[in-house]
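Student: I'm new to this structure and would like a close look at just one part of it. Please take me through it step by step.

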Amino acid sequence: MTNIFPFIERIMKLISHPEEGKLEEKSLYEHLYNVADNSCNEIKKNSLNLSLIKKENLQRLSFLIGLFHDFGKATSWFQKYIRGSEKSSKFTEHSLFSAIIGYYVVLKEFDSKLWAYVAFQVIYRHHQNLTSFDISGNIPSFALIDEKLKNILDNSFSELKHFYHKFGIELDFIKEINFEDFAELLEETDEILDNFVEDENDKIELFFITNYLFSLLIDSDKLDAARLDNKYFDGNLNEPQNDIQEYLEYCREEEPEKFNPKIPINKLRNEFLNEILKNNDISIKNRFYSITAPTGIGKTFGCLAFANKLKEQLPENTGRIIYCLPYTSIIDQNYIEFEKIIKFHKKGKYEQRPNRYLLKHHYLTPKEIINRTNYEYKKFKDYLDDQLLVESWQSAMIVTTFVQFFHTIIGYRNRFLKKFHNIVNSIVILDEVQNINPDYYKLIQKTFKVLGERFGIYFLLITATQPEILEKENIINLVDSDKFMKSDSFNRVKLHIETKETKLAEFAEKFCNTFDSENCLLVMNTKKFARELFEKIDEHFPDYETYCLTTNLTPYDRKIQITKIRKHLKDNDKIIVVSTQLIEAGVDFSFKNVYRDFGPLDSIIQVAGRCNRHNEFGKTGGEMHLINLGNFRIYKKILSQYVNEIIVNEKYESKDFYNLSKEYFQKFNFLSESKKLLNALKELNYDTSINDQIPISKFSLIEDNAKKTIFILRTEDAQKNMENLIFLKRKLKEKLSKEEKDKIRIEIEKLKHNLLEFQIAVYENELVAYKDLIEPQEELIENKNFPYQYLSYEDQKEYAYDEKLGFLKEPKKKISSALVL
């Protein structure tokens, strides 16, 4: 291959991408080769243990897919279009034609309809989302395909033939292709899968191979089309590890009182960390690990110590650390801890290229690679390039959400799957895993088994209430869970059980008449109950700081309120907080008194983690009450039964939670949803509804599909940003130079990001009262991920939003029709 570039320079008549700014037009041959070569080399770096195909054959398959993914761009119609002399049309569409040629090339070399059809699907969908392999009910017309082949044979076949000959491919055979034969093949795609793959794990492997090849193609394609190099990230996986013990020594010097090893709780934390560091079962032979330990034990340090010890044993260019949490609201505090550790070790190198080492990725984070380009001279293309790099997960450590991770591995969307190949051979840490819907336990168990054993991914599951997601015999427990879960140092809470059902109004009255302590947290199952209880408490306790934390608050307001609550607790102010379940995972609050409405056991124990969290009230100094307000409807009914079967005493302590959790999760056997998703996955059914299958496109980690998103413009700046966004969107429709349009697009991207923290999701019926105030703005319609409805700053303040409660289903006062323009 060393002589390929001089050859390319001699035949650069065909192009794949036009001149753009200072970038020259891109040779089609150079683009095809770059994509093919990069895809192949990425596989070469990875350790794989596949059953269906040898690694070297997978490399070749990936190379062929890359080499033919844009074959259809060689038509004279596309060449005129890409040079600007012809408009886009059915003749310039290239994916289907390229995919069919790719099919026959792979079939000829591999003598396998299965791999040929995988290549066809990957190429066919590379500009869109993956769709079901069975497209027999949606077969495209092949009349145009014949014309495109004839066009290439008449115009560019000679140079194409020379190009492909360099890679051992003789192209003459395409002259004999009968597209009617291919149409017949599409009628029997289900037989291809059934005839070639029978074993369940092999079928799951095929799903992941398909997504792996698709990920490699689309990421390589986008990066090469953007003319992006990889210098910012090159070699980042091979740099020295961030030694946790060395960092802790530094912390002890800087804050000797806080980190004093003689303090009982610190002594226990050090024992916890040492058990991980000395665990000889941390080995590349073992794929699945768990940490079950109490809140406050130092799991952040522990999981990084585990990852570093494992990474030392891995081959070069592998071992990316992917740390996942259930909610965006709790990512920041963990990210800050990781950043402190990495900064300590990398020092100035971190400041120069921070995202080389650490990246925070979820829908609210800026899609920016810091210091990759000169910020002062940043162009719109630089913003798009940064977004490509952020979404492909090339940093050495990623801090992200369950949604980003699970919607990638159980995925079909182009934008999500772009990073799948960078998850292969990584170390995945799933913290607070009890927040995963138990409907998906079997799905996760089956898919993780294949990803671990065949795609070289290592999994660490962390929680204080370890659900039985993975098979016990395959998991390495990194610490002695009994020792830490039952330690006196973490026996912080007395749990009082009140099984008798009480009406919310009765409970509120009793609480208001009897509560006289310094602080309290009350967790309700629904926003409705939280609001009703808060209104009673807010009225009755004028001397207390009162807060109501629900998703009716914008992310902007939630962040402010959480910061204020922390300060009140730190200053020992009198405070009462009413919340929904959003408080359960990872939020660093510590109350002396906690009430929790009846719910699943893992939720109960998670809320207990907000009670006497730092042991400041001494052993069992936290008082928690489990109450029954008859409002369990948001959870599965069977979970209520499990809790009732397990909680039989009137009182428990923190030390009892571990055994209660084990007994609770042993009862779980939710198979229906997982079975239907696994059936779809094994049939490569990405988007077709069938009786015994839930297509991959319907998989959703968060059940909010029925909700609508809306902007609540909480500040005058947010209002100005929205007005400016609409103005700039309109401006883009005017006749402007490319440079002027790019400047506008840069501003639009900034405005869109700044507005995300004012976005909430509500049910459609909750917007009915505001329909006259919410006028759809056509300029904002982009896709379902970016809403186009908003309540203005003045309207939300006057009618729709309360400083403490957030969005109101019922307006504060009647909306006068005279006010509506």
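Student: What is the volume of the second largest pocket?

Tutor: The second largest pocket has a volume of about 1,300 Å³ (the space filled by probe spheres set on its grid points, which are joined across faces, edges and corners). A pocket here is an open set of points on a 1 Å grid over the protein atoms alone, where a 1.4 Å probe fits, with protein on both sides within 12 Å along at least five of seven lines. Keep in mind that the model is predicted, with local features needing pLDDT of at least 70, side-chain atom pairs pLDDT 80 or more, and lining totals using all residues. Residues are numbered from 1 along each chain, and side-chain values use heavy atoms, without hydrogens or water.

By class, the lining has 15 nonpolar, 13 polar and 14 charged residues (Asp, Glu, Lys and Arg are charged; Ala, Val, Leu, Ile, Met, Phe, Trp, Tyr, Cys and Pro nonpolar; the others polar).

Elements giving two or more residues to this lining include helix H12 (244-254) and helix H15 (331-346) (DSSP runs of at least four residues, numbered from the N terminus). These two helices also pack against each other, at about 95° with axes 10 Å apart (lines fitted to C-alpha atoms over the stretch in contact, with angles from 0 to 180 degrees between N-to-C directions). H12 and H15 are therefore roughly perpendicular (65 to 115 degrees). Ile244, Glu246, Tyr247 and Tyr250 of H12 meet Lys340, Ile341, Phe344 and His345 of H15 (heavy atoms within 4.5 Å). That contact of H12 with H15 has five nonpolar, one polar and two charged residues.

How values were computed
1 Å grid on protein atoms, 1.4 Å probe; cavity = no way out; pocket = protein on both sides within 12 Å on 5 of 7 lines; lining within 4 Å. Parallel < 35°, antiparallel > 145°, perpendicular 65-115°, else oblique.
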